[in-house]
Amino acid sequence: MSDELQSLDPYVQWIASEARRPVAVDPAARRRLLEAIHAEPLPRRESRALRWVLRPRAIVLPPLATAALAAGLVAFGVLGGMAINRDGRRPTDQRHAEDASSRLPVSLMPRAVKFELVAPKAARVSLVGDFNGWDTAATPMTSQGADGTWTVFVPLQPGLHTYSFVIDGTHFLADPSAPVAPDDGYGHQSSVVVVRGSAS
Amino acid sequence: MSALRRTIGPLTLLLASAASAAAQDSVLPARELDPLARLNVATRYSVEVMLDSAKMLGLPTRVLESTALEGIAKRADGRRIVTQVRLVFRSLRDARAALGLSASTDELTAAAGALRVGITNAELSYLARTRHEKQLTVPLVVLADLVTRGVPRDTASQTIFQLWQRGAADDDFLGLWRGVERDIVSGTAPGVALLNRAREIPTRGSPPAAPPAAPGARPERSENPNL
Amino acid sequence: MSSDAADVQRVLNGDVDAFARLVDRYYERCARFAVRMLGNRDDAEDALQATFLRAYRSLGKYQERDKFSAWLYRILVNQCRSIAARRNQRDRVFVREEAVLLNAPDRRPTWTGEDEEFVQRVLAELDPLLREAFLLKYVEEMSYEEMSAQTGVGVSALKMRVKRACDRLRARWERIKDE
């Protein structure tokens with residue numbers, strides 16, 4: 001059995017292994033079941049003779065039962081295949097609708113935002129953040145002279161952005177003049193900027 | 001592996017607007033078309049799972065992608081990245097539950113951050129109930145920052161809530177933040193610094209019982225991002 | 001005689017607690033199948049309840065030479081089919097409902113892990129007959145012969161269904177990657 005599993009596509013294997021995990025069981029449901037069992041009359045043994053008669057040699061159903069079963073299965077398939085959600089939309093429709101609502105309208109014009117860091121000893125400084133995929137090479141800053149001030153202007157959509165400076169390609173430094181982002185779990189704090197929308 | 005277009009979407013927008021804004025030359029190198037490809041397979045599956053769940057739930061997937069990309073940039077190992085993305089995912093989900101469907105992406109992101117530093121769902125719900133068309137983003141960003149800097153959580157949340165209820169605007173919160181930060185740097189205890197600076201914020205509009213009036217016109221500002 | 005068959009005999013002799021032992025032995029495994037098949041806890045619990053009650057009532061028909069688990073699973077598979085068929089167009093697709101999110105925290109124990117939700121959703125997108133075949137083959141790890149006895153479908157048809165289920169899952173992954 002496991003040989004067959006291994007011949008599966010790795011993604012499908014992963015789905016199967018995740019599906020094999022136990023599910024959380026509600027103890028109350030189990031209790032209710034046992035209560036129901038206790039309320040039932042005791043099951044009776046089938047008489048030997050009857051059992052012999054009923055023992056199936058093969059799964060043979062009378063014609064009407066077969067048709068009913070087939071009809072039931074077809075209906076089952078069609079209903080399941082449609083997978084209608086509560087409000088009548090299909091899962092894909094619902095996904096798109098929710099996507100649209102998560103991208104709420106913002107002022108369309110991005111604003112040029114100035115970032116500045118005083119770092120006289122740095123050989124090079126760049127800016128990383130959610131606006132450039134945290135790519136350390138995407139937004140180099142330029143040094144404005146001997147006082148070690150590094151500057152860059154970046155067009156940013158109005159709203160909340162998280163960012164950091166990167167010194168010499170490896171050292172992440174939060175902006176001392178900005179609020180800190182909640183601990184990012186990677187061991188280096190980042191900063192937050194909230195860019196205003198265009199003035200009306 | 002084909003390109004992840006959902007990653008490309010917002011970046012393409014950025015490039016387009018960079019051209020129109022004629023501001024700078026931050027152009028993405030071509031190799032970044034599929035940044036998640038740098039994750040190992042198991043990590044990538046887990047991250048994709050959460051992105052997919054987020055999409056189904058109407059949660060902002062870009063925040064989760066950004067979390068993963070940040071981890072890659074900071075050279076975190078796969079398990080760390082998955083843990084962090086999961087943490088952010090759950091906080092976004094809880095934030096959605098607390099703030100409701102009308103919350104913007106930014107508010108959700110800020111609220112999720114506040115939850116991660118220990119603000120409770122109930123506190124968030126309270127803020128959401130008293131919103132009256134104002135965005136929660138800035139107060140929550142400031143709140144999370146203050147707690148991270150050492151202001152006791154209850155002090156921070158109570159103070160921010162009071163200011164919020166009294167009609168404080170984004171500028172007030174940012175000004176407050178700047179003052180507190182300065183004080184902490186010069187040695188004042190964080191909680192004390194906050195309470196002192198909070199007293200400087202005027203009450204705007206009507207008394208607390210009524211919804212706060214809209215804040216007055218903002219003065220002209222420079223391009224400083226930390227307005 | 002297997003311990004399952006022995007417990008069945010005890011029940012038929014009047015020892016109801018012996019059935020509780022059978023339930024204990026199979027409940028979680030059956031629960032897993034029911035949840036994966038039906039996609040939500042409520043329906044799964046209905047299926048489990050109906051399955052074990054029916055098993056209890058028809059215990060007299062069980063024959064020792066059958067594997068008890070296979071016999072039980074035949075009932076379970078059928079109960080799941082009935083419940084799914086009755087379900088019609090109600091909202092039982094396994095997605096966390098917004099209403100649940102917006103209200104107070106869940107009172108019932110929740111599913112753990114986003115992976116589980118994802119897998120559950122992916123399974124729910126499969127045609128039920130394909131899903132059933134996939135689950136019996138790769139989650140319950142049954143032989144095609146056992147599956148045939150439980151579903152009333154021939155072995156080659158089952159093999160086809162399993163293969164199609166895998167193809168659909170594979171195609172799903174391709175779509176996720178490309179979106």
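These notebook entries record what I looked up in chains A and C of a predicted model.

**Conventions.** I note that residues are numbered from 1 along each chain as its sequence is written, with chains lettered from A and ligands numbered from 1 in the order in which they are written. In this predicted model, local features need pLDDT of at least 70 and side-chain atom pairs count only at pLDDT 80 or more, while totals for chains, interfaces and linings use all residues.

**Chain A.** I looked up the secondary structure, taking helices (H or I, at least four residues) and strands (E, at least two) as DSSP runs numbered from the N terminus. Chain A has 6 helices and 7 strands, in the order α-α-α-α-α-α-β-β-β-β-β-β-β along the sequence. I then checked burial, where a residue is buried if 20 or more other C-beta atoms, placed from the backbone, lie within 10 Å of its own. Of the 200 residues in chain A, 29% are buried. For contacts (C-beta atoms, placed from the backbone, within 7 Å), I found that 58% of those in chain A with a separation of 6 or more join residues 24 or more positions apart.

**Chain C.** Here I recorded 9 helices and 0 strands. Buried residues account for 43% of the 179 in chain C. Among its contacts with a separation of 6 or more, 67% link residues 24 or more positions apart.

**Phe134(C).** I located Phe134(C) in helix α7, residues 128-139 of chain C. Phe134(C) counts as buried because it has 27 C-beta neighbours inside 10 Å. Leaving out residues up to four places away in sequence, I list its contacts as Leu126(C), Val162(C) and Ala165(C). Val162(C) is 28 residues from Phe134(C) in sequence, yet their C-alpha atoms are 5.2 Å apart.

Technical notes. Buried ≥ 20, exposed ≤ 12 C-beta atoms within 10 Å, placed from the backbone. Contact = placed C-beta atoms within 7 Å.
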